[in-house]
Amino acid sequence: RSSDLFSSHIGLWMTDEVDLLDVSSAGKSIWLLKVPNYVKEAWESAKDSEVGTIKIDTGKKRPELSLHVSQKLKSKSAEKSFPLEHKINLNPPERQQMFVFVENSIEASKESSSGLPFQRFSVVGKIEKRADCRPEGTDSYMSMKKRRIEATAQQKDTIKQIGTIVPVYTPISQHAEDKEHQEKKKVEGKRAREDKRAIEDILFKCFERHQYYAFKDLLRLTKQPPTFLKEILKEIAVYNTKSPHKHMWELKEEYRCYKGTETE
């Protein structure tokens with residue numbers, strides 16, 4: 001028996017925590033029945049009410065099973081023409097064992113008077129038989145099947161006419177920020193080159209205050225064209241390519257006037 005394979009409670013590792021699994025009903029036999037979608041939808045709409053009955057005809061050599069869906073569910077369902085009578089075909093048994101699990105809520109455990117610790121999962125039972133539920137091929141069933149197929153085949157994307165005006169945004173070839181940047185470049189490009197000695201004096205005074213400078217800061221301080229300033233820097237300074245002062249300029253050793261300490 002499958003119940004002999006389990007103790008009354010067993011610990012399972014779910015993620016990083018230990019949850020108790022209730023296996024007291026592991027030996028209970030359950031049938032797994034596959035039903036059409038319209039029956040499933042009708043059953044889901046039922047709340048604690050009878051959904052149907054299963055009839056077993058033992059008058060023949062081989063018992064015949066049938067499912068009769070409750071008439072109350074049909075009246076509540078959106079599909080009014082689905083058949084009530086269905087034939088149940090049993091599938092051959094499989095070697096693989098299957099069980100049904102449910103997840104318990106914390107509120108239900110508080111209402112329980114068993115005194116046992118909270119069991120997150122429970123085994124409802126073991127699947128002993130598997131079966132398929134098939135309706136009779138009546139005219140009403142075939143017309144219902146046709147309507148459902150046509151409904152799924154309908155195009156979901158539709159054209160809708162709107163009454164308000166949708167604002168149209170004209171593409172802009174050049175934004176205001178780009179124009180400002182271009183104007184700034186033109187102004188910088190038109191800057192007249194000052195005397196080379198004067199620029200060197202300005203640079204020496206800058207490096208007296210700080211040992212390292214970024215190129216954009218030197219451009220702002222000297223107000224000279226980038227190409228001209230870079231030519232001067234290559235003569236009196238070195239460009240750092242390694243951390244911690246990567247991409248910054250520093251005076252060459254022969255031009256430094258500070259000793260030992262670095263002024264950041």
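Reader: How do α1 and α4 lie relative to each other, roughly parallel or roughly perpendicular?

Author: α1 and α4 come out as roughly perpendicular to each other, in a model that is predicted. Helix α1 (residues 37–45) packs against helix α4 (residues 139–153) at an angle of about 85 degrees, with the axes 12 Å apart; such axes are lines fitted to C-alpha atoms, for helices over the stretch in contact, and angles run from 0 to 180 degrees between N-to-C directions. Angles under 35 degrees count as roughly parallel, over 145 as roughly antiparallel, 65 to 115 as roughly perpendicular and the rest as oblique, and α1 and α4 are therefore roughly perpendicular.

Reader: How do the residues of the contact of α1 with α4 divide by class?

Author: The contact (heavy atoms within 4.5 Å) is made by Asn37, Tyr38 and Glu41 of α1, together with Tyr141, Met144 and Arg148 of α4. Ala, Val, Leu, Ile, Met, Phe, Trp, Tyr, Cys and Pro count as nonpolar, Asp, Glu, Lys and Arg as charged, and the others, Gly among them, as polar. The residues of this contact are three nonpolar, one polar and two charged.

Reader: What rules lie behind the numbering and the values?

Author: Residues are numbered from 1 along each chain as its sequence is written, and side-chain values use heavy atoms, with hydrogens and water left out.

Reader: Which residue stands opposite Gly52?

Author: Strand β4 (residues 52–57) and strand β5 (residues 64–69) pair in the antiparallel sense over six bridges, where two strands pair if DSSP finds at least two bridges between them. β4 and β5 form a hairpin with six residues between them. The residue of β5 opposite Gly52 is Val69.

Reader: At roughly what angle do α7 and α8 cross?

Author: The axes of helix α7 (residues 215–222) and helix α8 (residues 226–236) come within 11 Å and cross at roughly 110 degrees, which makes α7 roughly perpendicular to α8. Phe215, Leu218, Leu219 and Thr222 in α7 meet Pro226, Leu229, Lys230 and Leu233 in α8. By class, this contact of α7 with α8 has six nonpolar, one polar and one charged residues. The crossing angle asked for is roughly 110 degrees.

Reader: Is Lys223 buried or exposed, and what is its phi?

Author: Lys223 is found in the loop between α7 and α8, and its relative accessibility of 55% makes Lys223 exposed (buried means under 20% relative accessible area, exposed over 50%, partly exposed in between, with a 1.4 Å probe and protein chains only). Most residues other than glycine have a negative phi. Lys223, although not a glycine, has a positive phi of about 55 degrees.

Reader: Which peptide bond is cis, with omega near 10 degrees?

Author: Pro244 lies in the loop between β9 and β10, and so does Asn240, in that loop between β9 (237–239) and β10 (249–251). Asn240 is buried, with a relative accessible area of 19%, and beyond four places in sequence it touches several residues, among them Tyr212, Met248 and Trp249. The cis peptide bond is the one from Ser243 to Pro244.

Reader: How far apart in space are Ser29 and Glu128, C-alpha to C-alpha?

Author: Ser29 lies in strand β3 (residues 29–34) and is partly exposed, with a relative accessible area of 47%. Leaving aside neighbours within four places in sequence, Ser29 is in contact with Lys126 and Glu128. Ser29 and Glu128 are 99 residues apart in sequence, and their C-alpha separation in space is 5.7 Å.

Definitions and conventions:
Predicted model: local features only at pLDDT ≥ 70, side-chain atom pairs only at ≥ 80, totals over all residues. Helix = DSSP H or I, 4+ residues; strand = E, 2+ residues; numbered from the N terminus.
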